[in-house]
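Please look at the model below before reading on.

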Amino acid sequence: MFLAYSVALLAALGISWRAPRLWPSGAAPAFPHPWREVAWALVATAAVLSLGVLYSRGRLFPATSQHRPALDAINQIVIYAPFPLLLVLRRQGPETAWLPRRDIVLRVGIGLGLALLALIVYAVARFGLGVLPQLVAHVYAPSHVSYLVQVLLEDLSIAILFVRFRNVLGLRWTLLLVALLFAAAHVPGLLARGGNTSDLWRLIGDVGLGVLGLALLQRLQDVWWFWMVHFALDMTQFYDRGTAA
């Protein structure tokens, strides 16, 4: 996974050098009252977590991504709605969430190409190139539509938090903070599995990969391409489970 993400990120960096018009250098979004915007972002985060708890208890639309994926996609939109609502209420443009308005189809298309590259690297490193057709068919199965929506909303949420924390903490500390939070989110699962030393090193690798990924994302200020890579590699975890069974 680390290798697949690394190759995709390096390829994206190379494309950005070749296509400066698509990702021109620009100043990071700024706010007149940055701490106020951080507070609002934290309120949105608390709302998302609360809706997530309701969802886990079956209090939203009764669906699971395995059995009713289209309805579950609506669940994901409801859960993450506080972040897009934040942009509306605070009258802030999509650029403050790394969602550029032009060339969206092209950006998503580049991301899809990078996702396929990452899947090739992942297949070769883990199983062998022969599984690639089966792996691609699994990743892009219609039953995964709710995950496609969820990953986009996750990336949007991370972008909103990152942009606002950067305004008060600066780039270096925000990179480290968000990467640490990303890694910390994996700790409960690690402990539940009885994590060992190799899991600890993997967690450290997650922090390093998170820093690299966020550094590139904030440079390009664009989550459209990363959405495709993030989704494709997230879906490989279910393929692993299927082959292990």
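This is a predicted model: local features need pLDDT of at least 70, side-chain atom pairs count only at pLDDT 80 or more; totals for chains, interfaces and linings use all residues.

Residues are numbered from 1 along each chain as its sequence is written, and side-chain values use heavy atoms, with hydrogens and water left out.

**Salt bridges**

- The structure holds five salt bridges, each being a side-chain nitrogen of Lys or Arg within 4 Å of a carboxyl oxygen of Asp or Glu.
- One of them joins the side chains of Arg21 and Asp103, at 3.4 Å from N to O.
- This pair links distant parts of the chain, with the two residues 82 apart. Arg21 is in the loop between helix 1 (2-18) and helix 2 (34-56), and Asp103 is in the loop between helix 4 (82-89) and helix 5. Helices here are DSSP runs (H or I, at least four residues), numbered from the N terminus.
- Arg21 counts as exposed because its relative accessibility is 54%.
- Asp103 also meets Arg102 in a salt bridge, at 2.8 Å from N to O. Arg102 has 36% relative accessibility and so counts as partly exposed.
- Arg21, Arg102 and Asp103 are linked in a network of salt bridges.
- Glu95 and Arg101 form a salt bridge through their side chains, at 3.5 Å from N to O. Glu95 is partly exposed at 39% relative accessibility, and Arg101 is exposed at 61%.

**Helix 5 and helix 6**

- Two packed helices are described by the angle between their axes and the distance between the axes.
- Helix 5 (residues 104-126) packs with helix 6 (residues 132-139) at an angle of about 130 degrees, and their axes are 10 Å apart. Axes are lines fitted to C-alpha atoms, for helices over the stretch in contact, and angles run from 0 to 180 degrees between N-to-C directions.
- The two helices are therefore oblique to each other. Angles under 35 degrees count as roughly parallel, over 145 as roughly antiparallel, 65 to 115 as roughly perpendicular and the rest as oblique.
- On the helix 5 side, the contact (heavy atoms within 4.5 Å) is made by Leu116, Leu119, Ile120, Tyr122 and Ala123. On the helix 6 side it is made by Leu132, Leu135, Val136 and Val139.
- By class, this contact of helix 5 with helix 6 has nine nonpolar, no polar and no charged residues. Ala, Val, Leu, Ile, Met, Phe, Trp, Tyr, Cys and Pro count as nonpolar, Asp, Glu, Lys and Arg as charged, and the others, Gly among them, as polar.

**Leu132**

- Leu132 is found in helix 6 and counts as buried, at 17% relative accessibility.
- Leaving out residues up to four places away in sequence, Leu132 touches Leu119, Ile120 and Ala123.
- From C-alpha to C-alpha, Leu132 and Leu116 are 9.6 Å apart in space, and 16 residues separate them in sequence.

**Helix 3 and helix 4**

- Helix 3 (residues 69-80) packs with helix 4 at an angle of about 45 degrees, with their axes 5 Å apart. That makes helix 3 oblique to helix 4.
- Val78, Ile79 and Tyr80 of helix 3 meet Pro82, Phe83 and Pro84 of helix 4.
- The residues of this contact of helix 3 with helix 4 are six nonpolar, no polar and no charged.

Key
Buried means under 20% relative accessible area, exposed over 50%, partly exposed in between (1.4 Å probe, protein chains only).
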